[in-house]
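Hello,

Here is the structure I promised to pass on. Please open it first, then read my notes below.

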Amino acid sequence: MVEIKCIGILTSGGDAPGMNAAIRAVTRSAICKGFTVKGIMRGYEGLINNEIVPFTTESVSNIISRGGTILKTARSKDFQTPEGRQKAYENMKKQGIDALVVIGGNGSLTGARIFAKEFDVPCIGLPGTIDNDLYGTDLTIGYDTTLNTIMDCVDKIKDTANSHERIFFIEVMGRDAGFLALNSAIACGAEAAIIPEELMEEDQLGHFIGRGIRKSKNSSIVIVSESPKCGAMYYADRVKKEYPEYDVRVSILGHLQRGGSPSARDRILAARLGAGAIDAILDDQRNVMVGIRNNEVVYVPFKDAIRSDKGINQDLIRVLDELSI
Ligand code: F6P
């Protein structure tokens with residue numbers, strides 16, 4: 001086994017608040033344990049194009065509170081090809097990088113898994129995504145901040161919804177997962193959440209309308225998980241057609257959900273997982289994502305982390321239902 005002296009870090013996929021805190025934690029923890037560190041720009045693109053810079057403890061000063069990622073990020077198409085990965089490997093060797101820490105979501109860790117297998121390169125993943133859709137970790141870096149951002153926005157929308165006695169369909173991100181939608185609905189006291197995990201969209205909308213929410217309330221908030229076909233617009237149009245008596249509006253929160261200074265929870269999570277990544281390398285762990293379960297740092301093999309069946313806690317659905325009467 002090659003002795004690991006130099007660790008390369010990159011952020012990949014959609015940025016998430018707390019990625020900078022994670023970069024800082026990995027860098028400082030690595031330097032503290034005697035490794036050298038290199039920052040790879042623009043995710044896997046930077047590895048392919050040799051955009052790599054030496055990192056010192058100062059490189060990561062004053063970034064813990066900043067949203068986004070100082071390393072920039074990308075969704076690299078080239079890295080999905082064997083030729084792209086070959087180039088990435090050659091640059092890694094040229095730069096003297098012995099191991100990689102990849103901070104990103106499902107696609108990024110899938111890339112790391114393939115790369116690690118192909119070239120026998122030690123890769124450690126950190127779950128960096130607002131979607132919270134990685135298996136084997138209770139939380140991903142960025143999720144808590146985004147949840148709070150959504151909550152702030154919805155609280156504001158509720159003021160106007162209430163004043164005008166309107167139904168608002170508010171669309172939130174999450175890709176194929178409903179964690180943001182369901183938990184923000186609970187946090188905001190919304191009337192319903194429409195999420196991809198709960199099969200039939202008719203059922204979810206029908207359920208909400210069927211309860212005659214408007215009989216007892218003068219406004220309603222429905223949080224809708226983004227979806228190419230059945231987003232907030234789709235539901236609003238349906239309600240407008242089927243219930244013309246209701247005054248309906250749509251608000252799509254969009255990319256503002258990914259921005260902003262990370263919450264304390266995300267900063268602490270990023271710090272623990274970043275330090276955990278270096279512990280994993282010292283422990284000879286390979287090709288695992290560092291996650292958190294029941295407040296303990298855990299190592300999850302890539303093949304499990306990228307499973308698509310994390311699953312929504314049914315109790316949350318019940319609680320939302322009961323509390324929105
Ligand atoms: O995975 C993070 C995420 O923000 C998803 O919630 C969303 O579907 C997607 O990225 C948006 O990607 P882009 O920034 O490329 O529009």
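The largest pocket is lined by 37 residues, and G105, N106, G107, D133 and R175 lie nearest its centre. A pocket here is found on a 1 Å grid over the protein atoms alone: an open set of points where a 1.4 Å probe fits, with protein on both sides within 12 Å along at least five of seven lines; lining residues have an atom within 4 Å of a point.

This is a predicted model: local features need pLDDT of at least 70, side-chain atom pairs count only at pLDDT 80 or more, and totals for chains, interfaces and linings use all residues. Residues are numbered from 1 along each chain as its sequence is written, and side-chain values use heavy atoms, leaving out hydrogens and water.

The pocket holds about 750 Å³ of space, a volume filled by probe spheres set on the grid points. Helix 4 (residues 106-119) gives the largest share of the lining, 6 residues. Helices are DSSP runs (H or I, at least four residues), numbered from the N terminus.

The ligand sits in this pocket, meaning more than half of its atoms lie within 2 Å of the grid points.

Now the polar contacts (N or O pairs within 3.5 Å). A side-chain N or O atom of E226 is 2.5 Å from a ligand oxygen. For a polar side-chain atom of R258, the distance to a ligand oxygen is 2.8 Å.

Best wishes

Note on methods. A polar contact is a pair of N or O atoms within 3.5 Å; within protein, one must be able to donate a hydrogen and the other to accept it, and residues adjacent in sequence count only if both atoms are side-chain atoms. Helices (H or I, at least four residues) and strands (E, at least two) are DSSP runs, numbered from the N terminus.
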